[in-house]
Amino acid sequence: MSEKKYYVPPPPLNKPEKTMKLRYVGESFGVDELTNGKVYEAWPDGDMLRVIDDSGEDYLYSPNRPAPPDGSGPGGRWEIVEE
């Protein structure tokens, strides 16, 4: 019997040693994007936030109004849990 293989996300881009914890508050979107009430690891990247979302990979999100990239939902906001 062959062993099951699972997807392993690539390592985050330019992840600093110290990151912040942010809670997403708003309408959940995507199967593996952001979930209402969930806490995510994040760090600044230019004028955006790089967030390890539900996919396990790091993606850029707005620091003011995180929302689906295709504009299909209203998005939400971040609450700082730990800086």
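Okay, let's start with the rings: Tyr-24, Phe-29, Tyr-40, Tyr-61 and Trp-78 are linked into a cluster by ring pairs. Rings of Phe, Tyr and Trp (its six-membered ring) pair if their centres lie within 6.5 Å, and planes under 30 degrees apart are stacked, over 60 edge-to-face, the rest tilted. Keep in mind that this is a predicted model, where local features need pLDDT of at least 70, side-chain atom pairs count only at pLDDT 80 or more, and totals for chains, interfaces and linings use all residues. Residues are numbered from 1 along each chain as its sequence is written, and side-chain values use heavy atoms, leaving out hydrogens and water.

Take Tyr-24 and Phe-29: their planes sit at 85 degrees with centres 5.9 Å apart, so that's edge-to-face. Tyr-24 has a relative accessible area of 0%, so call it buried (buried is under 20%, exposed over 50%, partly exposed in between, with a 1.4 Å probe and protein chains only). Phe-29 is buried too, at 7%. Tyr-40 and Trp-78 are also edge-to-face, because their planes are at 80 degrees, with centres 6.4 Å apart.

Now over to Pro-9. At 30% relative accessibility, Pro-9 is partly exposed. What does Pro-9 contact, leaving aside neighbours within four places in sequence? Ser-55, Gly-56 and Glu-57, where contact means heavy atoms within 4.5 Å.
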